[in-house]
Structure formats: structure tokens, C-alpha cells
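Subject: Structure handover and interface notes

Hello,

I am passing on the structure below, followed by notes on what was found in it. Please read the notes with the structure open.

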4 protein chains.
Amino acid sequence: MPKMKAAVFVEPGRIVLEDKPIPDIGPLDALVRITTTTICGTDVHILKGEYPVARGLTVGHEPVGVIEKLGSAVEGYEEGQRVVAGAITPSGWSNACLCGACSQDGAGTAHGWKPMGGWRFGNTIDGCQAEYVRVPDAMANLARVPDGLTDEQVLMCPDIMSTGFGGAESAGIRIGDIVAVFAQGPIGLCATAGAKLCGASVVIGVDRLPERLAMARRMGADHVIDASRVDPVEEIARLTGGRGVDVAIEALGTQQTFESCLRVLRPGGTLSSLGVYSTDLKIPLGAFAAGLGDHKIVTTLCPGGKERMRRLMSVIERGRIDLGAMVTHRYRLDDIETAYELFGQQRDGVLKIAITP
Amino acid sequence: MPKMKAAVFVEPGRIVLEDKPIPDIGPLDALVRITTTTICGTDVHILKGEYPVARGLTVGHEPVGVIEKLGSAVEGYEEGQRVVAGAITPSGWSNACLCGACSQDGAGTAHGWKPMGGWRFGNTIDGCQAEYVRVPDAMANLARVPDGLTDEQVLMCPDIMSTGFGGAESAGIRIGDIVAVFAQGPIGLCATAGAKLCGASVVIGVDRLPERLAMARRMGADHVIDASRVDPVEEIARLTGGRGVDVAIEALGTQQTFESCLRVLRPGGTLSSLGVYSTDLKIPLGAFAAGLGDHKIVTTLCPGGKERMRRLMSVIERGRIDLGAMVTHRYRLDDIETAYELFGQQRDGVLKIAITP
Amino acid sequence: MPKMKAAVFVEPGRIVLEDKPIPDIGPLDALVRITTTTICGTDVHILKGEYPVARGLTVGHEPVGVIEKLGSAVEGYEEGQRVVAGAITPSGWSNACLCGACSQDGAGTAHGWKPMGGWRFGNTIDGCQAEYVRVPDAMANLARVPDGLTDEQVLMCPDIMSTGFGGAESAGIRIGDIVAVFAQGPIGLCATAGAKLCGASVVIGVDRLPERLAMARRMGADHVIDASRVDPVEEIARLTGGRGVDVAIEALGTQQTFESCLRVLRPGGTLSSLGVYSTDLKIPLGAFAAGLGDHKIVTTLCPGGKERMRRLMSVIERGRIDLGAMVTHRYRLDDIETAYELFGQQRDGVLKIAITP
Amino acid sequence: MPKMKAAVFVEPGRIVLEDKPIPDIGPLDALVRITTTTICGTDVHILKGEYPVARGLTVGHEPVGVIEKLGSAVEGYEEGQRVVAGAITPSGWSNACLCGACSQDGAGTAHGWKPMGGWRFGNTIDGCQAEYVRVPDAMANLARVPDGLTDEQVLMCPDIMSTGFGGAESAGIRIGDIVAVFAQGPIGLCATAGAKLCGASVVIGVDRLPERLAMARRMGADHVIDASRVDPVEEIARLTGGRGVDVAIEALGTQQTFESCLRVLRPGGTLSSLGVYSTDLKIPLGAFAAGLGDHKIVTTLCPGGKERMRRLMSVIERGRIDLGAMVTHRYRLDDIETAYELFGQQRDGVLKIAITP
């Protein structure tokens, strides 16, 4: 049985590179040889044991690669094609999918819904920090990479670009909106870019790190606020003449940023939440206008599926956004444990790491 | 200066009937002689001092009456016409109104937005538990009552019907949705009716009082749950085969009902919040899927304006809902203090009280 | 090779009952034994040669039946279960499906879109006026029939109920809308019911046949207009005080009804078109306000998929609509040629015919 | 009685500069001294008698100026402030406005709706090709011009920018959409810019004039098609690999462009129509998929009101679009007849003419 290298969750604190069998595939699957992948903040949660996955699971959910083999029932693809798949791999046929909620895919449950059920790679099935990955429901998930685009150019499509843009889209941003984005990590930066792309006239980026604020400006932020120096809630009130923002995007996953989002919203505004929280959240009564402010709070799990990937790649292809600058480091799969250490500690100005088997 | 009787907030715990001058009107106003009005749960919050208003303010925000006098710039109406106005009286010309957020009208502020700014009657200007009321921005707010409808038939339009229906509408209920409505007071009952009217196939009403559950059935609930006897979260899980509801409507304003709404939602579902809260709210991490459940939380302040009133009255006129049964008691304005006592203590199965000057 | 009976298109003017092999199924398919099906107006277009299909094709697209056999890759079902499938059978995995446009499924094309591509039964693959039918992409399409519902109760779900309701939904009907539905054949009747279900306060049904107008009232029409006796455009202007309707639904497929819909719309209103047209259409300049009336024209092809079927059946199960009365005639499959003759000539007050193998 | 100069419609073929009294204002009005205005294609329709207005009416609907005088009931403004108002001046209080359809404002009618009723300047009341203009419902319509913006920078806000952007917005453009814009006159150019601003990844501009195609590129078109040399329908089919576009915007007002829009749409796509038509329109059966293609046709009349103007100016202020290049010519009001001649004949590469009293 042929073997491959894969980054495997062993126990809290330990993700190690191991030899595992190359996956078998079923009739609807594809086997993809990974050419580039990356590490996500969620993987660090998994590493720390904050988000539980099965021991022995291959982690990683951002695959760029080449079709190695197709399941017997898969049509419309050929071996050797360059492809990308989303971090979320909807089945297409669950009740959730057919209701427009692909990320909450409950294929296999009696009723067709499961929280986060569309997130399978590195969560409920083996992921893509490996030489090969099995892509389930391949016809719904494999998107061909246009010839002109490099692996690194499309590396953000599977997760952070889809998630960040999704935060802007779910908020229903309209032409002329004022938008604040709290935290300018990879997802927040994509939300900043996404807000501009949706027509916001003013985007305000908030973070505590100067290099991230600088990157926020590159992604289109009109104003940046260093939350380590000024109170962003007060500063946004000042910038907007007391009006507040139409949309506030939370991209960190903490009580403080969530709450700040609410506090900077105009009445009737929308809080679009992207962060993965690790505690209960508090909604302050005043910022919520006691429930009478016509506020909306929306959460978005990374949209997946091949059509989503196609659209995101078309945005990149047309030069409407350049996420290449986010790849700050490059490692071989062999050195992924070192990469995890760097990324987990957020050393050396790291934003995203390209991993190549 | 001619005088009238009016229910006035004096201090926490005291709303009393006083003589006040009949209001003067400006060019855009109308003076309406009240023929029927009612007491709202919010008025009880005011009475208790939980929601602060100016001392000496006339309370009440649900006017049905007759045009007594029109401002010099008001066109399209005649004295003597029977009219109703919403609890919320948008100006029509604020930035908030022109942006579709009439309830958050900030007419008079520099930027045109104010939390709850559209709520003026009995909040920032004198209200309608009186013989006369000044209706501001009359052309935006006065809706003629069709001849065939009685005062009591339209008495719920200004607030509870508009609010309850608004909760169903803001949730985006679609044909075939399963909806739970937590609390079956007047607003919850209207939300139950509104959910059916929007196409829900299954509406589940939750309360602790048998008579309210009985009324919920009259308003269209398919299932009712007595929360004093069973755990509604478990019961709804059972009724839906573990799937959860598409929409949960909160109609009480407590942590417990808010939280239960989240717990019964399917992934991707919508919590539509109508309650007036008096404490910070907690969002439980698990019920919120750590922010990854594609949940939406929307809040709705009672939609107002003459077009809204016209639409609600057309629903009543066509017999699509009968809210007459909600008027459980009738009092003269002279006896309004007694009515407050009864309503504040929720005695005698009271739902709504018709007050006639 | 086992044989079955099937209604087959031979040439314009001839659909005949023939013996054909029972279909083979692939890994994603299911074989369903038909217990009840029906004839649609579209089938009559096919019969007449107005809508071309391949010679030898089994016609019919409204299957109610029992699972006889499951493809090797199909999970979540068992043989012997009672099921229904929509007239439109989306794959779930095409770009169109993943973009929310399941009816325009282009599975198998390079780009994933094909006009009407989701309509396969009796159009591009063998249909269900037969003893057995192969259901493609079974996991996306088979919906279990609740135990309490008879075949005839769910017989309208696959097409006319889904289409008629879809016309109301696509129009974005809101609480308090005034809606006109032009033509009260089976689809128009379902549109009438759907408009009510979406919250319309006033629905006006238009037709030329008294029995259809009577049925329109049963389905919830508030007013009916006999277009053979009065001009419906004038009558609707009168009924609405010159305002016009918020939504006009076209349910016949002729220039006259299309044009009348435009003429009765209020400015900013929506024409929701369901008819299958057979000629170019004309938009009259005046009724279209020269393009400046903020009008919308939306067309809807019958929504399919198992989640849609589940929702429609839940509406029936809860007693929110009774379409049973639409089954005016019953025939054995053996007599389907007679049924076509009756239905094609619209004799004997026929609305829908239940066909049982 | 003080006099002013004004461009007045005398009879078909003649708009002349005349002396007229400076307008009186009512309590809700403002008198604005025009500092810059422009001529619109619609004005040429008026000049030619194709769109009828009253003889003696001052034409023009694009005002930039300074508040000269405020009506007695107008609050929140001061004389001397620089302001802009939309071509459409909604009342804010009509049923149409309160229903979100401000352009179809029927203030003054019994039911509150009138086709194009929000368009008053140079249509039903005196317009702004004059030294002064009366702005009705001033509080709903006057938007302050930010200090940093010149008259010419905001000159496109009242009409073509609002209309062009509106065409993109009404179409519901999403991130990654492919959009075709037929005709690249001023409104088409703004639609091109608006489509990019809404997130389109590919915008295809079609026209017959090289200079307009060049300008289309400046406004963000990814591809331009010279319809005098190639068939745009075939060319778009080629560019999209046979898929078609998600949205086609019509910006000319002819049968040919309308029809081409339909022909290039993917199934389920949206035709967003901005043109002012002068004949009945034909919908070709095939391009319309016989009514089964899930197509949408939406029309948009220029959105107005002060909030709209504020938003558009914020887009300009943030440098997201530069419409200054569209001002190709400048004339004094005294020479407006010459300007009409130039503009009416589309000589000298004219796009927009700044007129200064």
C-alpha cells in the first residue's frame, strides 16, 4: 500500500508529520495531489486542543493541487488538471445545501442539517497538509485553476478569501456604506478588501500591530486605527461624526472586538461576525439599544463549493485584489512542524505560510 | 387655553390623570381627538421607572381617533376623518428614513440617525393616553381608517400588530418554515399570526399561561408548549426530529427566552428578537456554534408610518386575522389608573385594554 | 429484460402507451415504481409538437411512487419507501445549483449552466407516465412522503404547486400586498393560494370560466373577475382606486395576459411570469412607463429538489392548503390516451387527472 | 419682482433662455442659487418634443448650488451652504416613499403613487437650468457638499451617477459576476463603474464610438466591444465560453440593445434596464426561453433624496471613482442654446457639459 507524508493531530500540543497510506477513493471522490497548502488559525486551535478532532486525523483545509485519480462516477474532469477546493466541501444534495446553507450541510443525517457539517477537511475527514487528499463529492467541489494563476495566487481562495469576502457579503454592504473591520489578521484583511469590493466608500481597519495596519491600507482601508494607542470606539465615533458605521465586521473571535463592533454601529446597522469564539459572548444592553435598535448580527462560515472558488479566482484573475503579499513565509511539508511553531507564535510578522510537499 | 385630560408620568410608580392644555400644532402637524387607545407593556416599564421619560410627559403611543385640526402645510386630509397613526412616527425626510430605517429616525440630528428616534409618542413628545394628541409629520403618519372597521379592530395596528408581524417579516420567513415563538403575550401572539401569514407551515407557541396558549392556537399556532411543565428546548427538538426551527421569535425580553431561541434554531437559522431587554444578554458559545453556525440575530422596532398602517388595516379588513379577541377589558380614560393597575399586574387574564376618552 | 408500460411521444399528435424495458439505473439513481402521476399542460404542448422532444421518449414529470431499487452510491433511503420527486431534478453539484439556480442546471456542460437544464423528466430523459421511472441524482431529489398523506394529496407538489407558489415567492410578496393572478388554471390556482400564503391581503383572480373562478375563491381569491364579461384591467383599476396592484402573476402564457399584468401594476410593481409562451412578447411602452416605472418582470421555472418537496408537503400536512379538490378525474395508465384527449380539449371541467398504473 | 435667466421649453425644437421671476418658496421649500448644472439626454428628448412638458417650463434636473433662502418650516440647514439635490426629489411622506419606492412618489394623489412622480425638476415643476431653483421638500432633498469637492466633481450625482449605479444595484450584482453594459454614454459609463463597485469581476462595455470605449476602460471595463465592427452578442458568447453574463445593463433605450441584453444573459440572469424607450419593446421568445429561464428584467429610475446624494458624494470623496473626466465641455448659462445644439448632435466627443450661471 503506497504511503505519503501527512501532518497528523496526535494530542493537544502535537501535530506531527507521519507516513500514512495514500487515501482510497469512492465513486464520487477525487484524489488530489497537493502542490500547495497552508496553515490556518483554526489549525492552531486544533493543535492547542481548543477545537477537538480525532487523534490520527490529517489536518489542513486549504488544498491546491492536481487531480491524481477520479472516482468511477465523476464526470467532467480529467486527471492532471490543476484544481482548488474550498475549505468547506458541500455535498450539493443535502437539505441544507438545497436550502442555500451549504456550510451547514447535514448529508447523512435524517434531516439534512448539521452545524458546520460542510467543513470536513481536517475536521471530520483527513485534510490536506499532506501529499494527497481525498476530495469528497468531487463534482461539487473541484474548481479548475485558470492557467494564468499560480498556486500562491489562489491559495487564499479555499478559506480566508472566501470567509473574509463572505463577511462583507452577508452584511449586505451597499454602495456608500461606512464599514469598520475589527482585527486585520488574514481574515480581517480579506474582509477589508471584500468590503471595498462590495462598494463601501469608507473602510476603517482596526488592529494593534503596525505591520497589519500597513497591510490593511494595501487592502483598501481608508482609515486605520491602532487599538493599542487609541480607543477604537471613540475614534470611530469621531471619524463618523457620531453617526456610527453601517457595518462592523468582527474578525478575531473575542468578547472585546465583538462588543466594540456593536458599540460603533449606527442604529439599524449590521454586525457581521467571522471570528471563532472560545467563550460565551455578552451583548451589552446599551449598545444593543435594549433590543430596539433594528440591529442585525450575522455570522458566516466560509462559503465553499466549486462555483464559489470559480468566482473568487475570477476576482484574482482580473486583478481586483492581490493577496499574494499575504504569503509571508514558505516551507516544505517536511518542515511543517517548524511552520506550525512560527505560525502558532505569530513570530516574524507572519501572515500566511505556503506549504509545498 | 382649552384643557384636556391626559395620563401623565409623574415619577416612578405614578402615572396619573391630569388636566393639561390641548396641544398646539405646527405647520406639519395634526391634532387628533383620541377615540380609542390602549396601554402597552412598554408603558408599564415607564410606570415602573425602568424606561425613563420626562416628568410631566403624557404617555401612550397607540392612537385611534378623528382629525380635529390640520397644520397649515398639511395636504390630503380633512378634519373629521377617522385616522390611526403608528406608535413610531417617522418624519419621512431623515437620512434614516430615506435609507429604509424609519424607526431609527434622527430628524434633527446632524447625521440623521438616532436610536429609536422614530418613537416619539409618550417617549420624547406627549403621547395619546389623552383626549387629544399632536401627531407630528402628519402627512407621513396619518392613515385613514376604512369605514367598515371599528376602533377596536384597528387598535392593535399602531404597535403590537406592527411589531409582531415585523418580527416575522424581519426573519425572512419562507413558505414551509418551522417557527417557534417564545412568549404569547400580545406581541408574541401577533408574531404567531404573522409567522402564519408569511407562509410558515408549522408555528410552535411557547408560554406558561394556559389562556395564552389557548389564544396562541386561535392565532394559528400548530403546537403549543407550556414552559411551566416541559422544557421547550427539548420539546422543540423532539417535535422537529432534532432538526430545529428555521426561525425563533423572542417576544418577552429575557435572557432565558433569548437563549432558548438560539438553542432551538437549526444551523443557519434566524433569531428574530422583539423583546425589550433590561439586562445585558449572554450568547451561549455552544448554541452559537462558536460563531460558525451561519446564525442571524435580527431585532425589530415597531415599523410605523401611514403606508404600514394602511397595509395592516387591509389585512384586518380582508378578515385574514382577528385581533378583536385580544381586547379583554375596556375602561374609560377617567379610570386609566385602575387600568394600569390591572394591566401592570397582569390580572384577570388581561391581554389588551381599550381605553376610551 | 423485464418490460413496463409507458406513455411515449411518437410524433406530433400522438402519445401512445407502449411496452418499454424497465429502466436500468446508475450508481446515483433510484428506480421508482410509480403509484400516481398526472398530465400537465406542458405535456399537451409536447403532444401537439409545440414543444419538441425526442421520439420514443416517455413523457410526464410528476412522480409519486415507491422506491424499487437504489443505485450503488445512494445513501439514506430504503427500498419500499414512499417518495415524491419534483418535475425539476437538479443535480445539486452544477455551478447553477451551487449558485442557487437549480432549475437552470447545466451539469455536464463546460460552464455548468443550461436553460431549463434541471427539467429532465419527460424532456431530456424518460419521464413518469409509466410503471417505473429512473430518478437521477436520487439523493438530491427523493423526498419521503409523510405517512398521513395520500398520493393524491401530494400529487401537485412536483409541478403546479411548486410553480404556482414559486410565482408568488419570486415576486417577493409582502404582508398587505394586493395581487392579481391572470388565469386560474391549475398553476394560476396554486399562485392564488401561494399569494395568500405569502401574506397578500387582497388577491384578485381573473379567468373566463365560471368553475375556475369558483375554484379561485376556494383557493383564497378575495375578488374574481370574469374576463369574458368585463375588462379586467379596468376592473382592477376600479377595485384598487386607480392605484394598481403590487404584484401581477401571469399564469397562462399569452400576450394578452402578459400585457394585462403590466397594465394593472402600480409603479414599482412586479410582474411574475409563470406561463410558457409560444410567441415573442410585446411590452407596451405606456404600461412600461417608457422604462422609468421601476417595474420588475421575473420568470420562474418550477423549483425542484427534495427540500422543496419536503416544504410543500409540510404545507399540505398542516392543512394550510387543500389541493385535493383539483383532482377532477381519475384514469388508469392503460387509459392514458383517453385522459390526454379529455385534458387536451379541456372538457368536462377538468383541472387535474390522477393517473394510476 | 426680481428676475433671473432660465432655459425654458417653448415648443418642440425650441428651448430658449428667458427672463423669469425668481421663484417664490413655500414653508417646506428652499431657494437654491445654481452654481453649476448640466444638460441630460432626457432634456434633448424634451427639446425634440418626444417627452412632453408644459410650455414655459424651466428645464434641467441636475442642480449644484448654494442655499439662498429657506422655507419657514425647514430646519437643519443654513443659508449660504453649498448643496446638491437629486434629479428625483421625493417628498419622503408619500405611500410610495414609505414603501421604498421614492421615485414613484405620488404625494398629492389619493393613493400615494404616481409613475415617475418623484421626478419633478424640469418635468412637473420648474427645473435648474436657471439662476435659481425652488427645491421642494427641502429637508428630504438637500445634501450638503463636502468642503473638499468641487461643483464639477459632484455634478454627476443628481442623475447619471445615481442612475448608472442604480442599474448595477437593482441587478443585485455579486462578487465575481460577469456584467455587460450596452452603450457607454454617460449613464452607461456610470453603470460600468457601478458594476465594478458592486464587485463584478468582469465588466464588458459595448458601444460604437471609440472614444466612449476608451472612456469605458477608464471607468473599469475589462473588455470593450465595438458594436460597429463585431456582433456583441456573438463576441460576449465567445468571451464567456458560451455561458453568458450574470447581468446585462441596458443604457440606451432601443429595441436592439434591450434585445441584445436578453440574448447575452445566462439562464437565471438579470437584465437591468436604464434606457428611456420611445417604442414598444419586443421580447424574443428564444432569448426569453419561452418564459422558463428564470430571467429577471428590472428597471430603475434615478434614485434621489439627500441620503442617496450623501452616499454618492462619499464615493467620490474617497476617490473610488473619478467622473470629472466626463465633463468634456463648459458653457455659461447665457450660451445654453449653443450647448444644447452641441449636445443634441453629440458633436465634438461631448459627454457632459458643465453649465454655470
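A salt bridge here is a side-chain nitrogen of Lys or Arg within 4 Å of a carboxyl oxygen of Asp or Glu. By that rule, R33(A) and E68(A) form a salt bridge through their side chains, with an N to O distance of 3.7 Å. The two residues are 35 apart and link distant parts of the chain: R33(A) lies in strand β3 (residues 30-38) of chain A, and E68(A) in strand β4 (residues 64-70) of chain A. Over all chains, a search of the whole structure gives 88 salt bridges. Please keep in mind that this is a predicted model.

Chain A with chain B

Here 41 residues of chain A are in contact with 41 residues of chain B. The buried area between these chains is about 3700 Å², and carbon and sulfur atoms give 61% of that area.

K282(A) and D280(B) form a salt bridge in which the closest N and O atoms are 3.9 Å apart. Polar contacts link 21 residue pairs between chain A and chain B, counting pairs with both residues at pLDDT 80 or more. On the side of chain A that touches chain B, two or more residues come from each of β12 (265-273), β13 (281-283) and β14 (296-299) of chain A. β14(A) has the largest share, with 4 residues. Sorted by class, this side of chain A has 19 nonpolar, 14 polar and 8 charged residues.

Chain A with chain D

In this interface, 25 residues of chain A are in contact with 25 residues of chain D. The two chains bury about 2000 Å² between them, with 46% of it on carbon and sulfur atoms.

How many salt bridges does the rule find across the interface of chain A and chain D? There are 6. R318(A) and D222(D) meet in a salt bridge through their side chains, at 2.9 Å from N to O. The count of residue pairs in polar contact between chain A and chain D, both at pLDDT 80 or more, is 16. At least two residues each of the side of chain A that touches chain D are supplied by α5 (157-170), α6 (186-197) and α10 (306-317) of chain A. α10(A) gives the most to this side, with 5 residues. By class, the side of chain A that touches chain D holds 7 nonpolar, 6 polar and 12 charged residues.

As for symmetry, chain A superposes on chain D by a rotation of 180° with 0.0 Å of shift along its axis, at an RMSD of 0.0 Å. The two copies are therefore related as by a two-fold rotation axis. C198(A) has the C-alpha nearest the axis in chain A, 2.4 Å from it. Both copies use the same surface, since 100% of the contact residues of chain A recur in chain D.

Regards

Key:
Residues are numbered from 1 along each chain as its sequence is written. Chains are lettered from A and ligands numbered from 1 in the order in which they are written. This is a predicted model: local features need pLDDT of at least 70, side-chain atom pairs count only at pLDDT 80 or more; totals for chains, interfaces and linings use all residues. Side-chain values use heavy atoms; hydrogens and water are left out. Contact means heavy atoms within 4.5 Å. Buried area is the accessible area (1.4 Å probe) that two parts lose on being put together, summed over both. A polar contact is a pair of N or O atoms within 3.5 Å; within protein, one must be able to donate a hydrogen and the other to accept it, and residues adjacent in sequence count only if both atoms are side-chain atoms. Ala, Val, Leu, Ile, Met, Phe, Trp, Tyr, Cys and Pro count as nonpolar, Asp, Glu, Lys and Arg as charged, and the others, Gly among them, as polar. Copies are superposed by least squares on the C-alpha atoms of residues with pLDDT of at least 70 in both.
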